[in-house]
Amino acid sequence: MNVAVIGDGYVGLTTAVCLATKGHLTYCVGLLEERIDKIRKGIPVIQEENLEQMLKDVLLENRFRPTTDLEKAVLDTDLSFICVGTPSKTDGSIDLSQVRDASEKIGHALRRKSDYSVAVVRSTVVPGTTDQLVIPSLEQFSGKAPGKDFGICMNPEFLREGQAINDILSPKDIGIVIGEYDEKSGHALAELYKTFDAEIMRTSIRTAEMIKYARNSYLAKDISFANEIANICQKCGADYLAVKKGMEMDARIGKGRFLDAGAGFGGSCFPKDVRALATRASEIGVNPEMLKATLRVNDLQPYKLIDLAKQAVGRFKGKRIAVLGLAFKPGTDDMREAVSIMIVNSLIEQGATVCVHDPKALNNAKTIFEDKVSYVSNAEKALRNADACIIVTEWPEYASGKLYQHMRKKLIIDGRRVLDPKDLPSGFSYHAIGLSGQVKT
Ligand code: NAD
């Protein structure tokens, strides 16, 4: 099939490259010529494992067309995926301006299109958005009728940054949800997925929109639950890691749940999606107690890490603090709503000299912290002159005890339980979220 992907960000670019890899002629549509030009040259513009090589391959095979010409992309293809951003507004509700703009432009292109094609909403949008915003825009700007002249689906994206390519190409564990305007629309999209090894659920558009929010809210709620229990452990002489292991022994809970405690969740999805659903629920007369509690616990959690660090370090003023990990999670350079932003800013405000390291996110960090911190591309270098180290992102390389051997002051505050203190050389004080007291090595 021929596919247009509107949006060249974390979802759009990876989706477009993956569909091209599957043999479909794929357009990736962006707004900025400079960004699209980089993509044309094989520069992936975002960090995602294997993306660079796959991008180069599909460009060479001439199956992948980065462009700013949305109209041509829609005219040449059978399916148009809307993969544009849906950030939070200041009141917590969802900002649908990019979705509106993309829908209007697709509608405009459909006016000139003689054959049937399907618009697919892949962005995360609150229930009702496709019916109340996307379809009316498509209708108005195309002058055509949904169902008759063009089709519509809502097909939520479940990829996890850091493993996006695997999630898109092998969605067996996450499934594929197709919300369809009518059978013909759903059938066209199901055709695209027929070679994917995954269960396909076909449902209504509003249900598909809601499934995405229900999943993210469920997972976010688990993290806030884990953090609350870990905070209690820290105060009552228990170690949350052992408590978690004991919980997982119960088959009704099981392993592999979202029960890691730490400095809270960040990123471009969980915080904004829970906020958007909570705001929408309030608007329609449902008081979202669980969603609000999930957000409240999460908002306070970075301060728990700062408090823990303060107890261990004393006053921050005049101290050199190494912060390891800035991306909101390992495997990405994405710093949207990353917990590290609040942690680093708080350290600076309290007079610390901050040196930061991240394997992938330093470029993004520079646009946020500017010259307020020093940046090092080698974690050991960040640690060498530090009075203390705070681990904020669980990059696997931070789990090696050896990394810390040349620290001037042997003080570690682990915000993600990434490090086993048994692996540290002797002489260290190790403090962690969910750990009562400290471990001396
Ligand atoms: P992003 O901000 O990284 O990318 C959006 C891109 O779309 C931007 O580059 C923007 O310039 C481009 N864009 C906006 N309007 C456009 C238009 N009219 N034409 C062409 N390009 C346009 O956002 P993202 O992280 O890729 O997320 C996209 C959507 O997917 C959001 O709704 C998000 O909630 C959802 N989602 C994201 C993830 C994730 O892990 N990032 C996972 C699942 C779902």
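Modeller: What follows goes from the ligand to a helix, then to the loop after that helix, and ends with a few residues elsewhere.

This is a predicted model, in which local features need pLDDT of at least 70 and side-chain atom pairs count only at pLDDT 80 or more, while totals for chains, interfaces and linings use all residues. Residues are numbered from 1 along each chain as its sequence is written, and side-chain values use heavy atoms, with hydrogens and water left out.

There are 27 residues around the ligand, and Asp8, Val11, Thr86, Glu161 and Lys272 come nearest.

A polar backbone atom of Tyr10 is 3.1 Å from an oxygen atom of the ligand. The side chain of Thr86 places a polar atom 2.5 Å from an oxygen atom of the ligand. In the side chain of Asp101, an N or O atom is 3.0 Å from a nitrogen atom of the ligand. On its own the ligand has 830 Å² of accessible area, and the protein covers 90% of that. Such areas come from the Shrake-Rupley method with a 1.4 Å probe; for residues, only the protein chains shown count as cover.

The names come from DSSP runs, numbered from the N terminus: helices are H or I runs of at least four residues, and strands are E runs of at least two. Helix α1 has 12 residues and spans 17 Å from its first C-alpha to its last, close to the expected 16 Å at 1.5 Å a residue. That expected span is 1.5 Å times one less than the number of residues. Of the 12 residues of α1, 10 are buried, among them Tyr10, Leu13 and Leu19. Buried means under 20% relative accessible area, exposed means over 50%, and partly exposed is in between (1.4 Å probe, protein chains only).

After α1 comes Gly23, with a positive phi near 100°. His24 lies in the loop between α1 (10-21) and β2 (25-29). His24 counts as buried because its relative accessible area is 10%. Setting aside neighbours within four places in sequence, His24 is in contact with Met1, Val3, Leu19, Arg63 and Leu192. Contact means heavy atoms within 4.5 Å.

Now for the residues elsewhere. Phe316 sits in the loop between α12 (289-313) and β9 (320-324), and Phe316 is buried because its relative accessibility is 2%. Thr294 belongs to helix α12 and is buried at 5%. Glu289 is also found in helix α12, but Glu289 is partly exposed, with a relative accessible area of 48%.

Conventions. Near = heavy atom within 4 Å. Polar contact = N/O pair within 3.5 Å; in protein donor to acceptor, adjacent residues only side chain to side chain.
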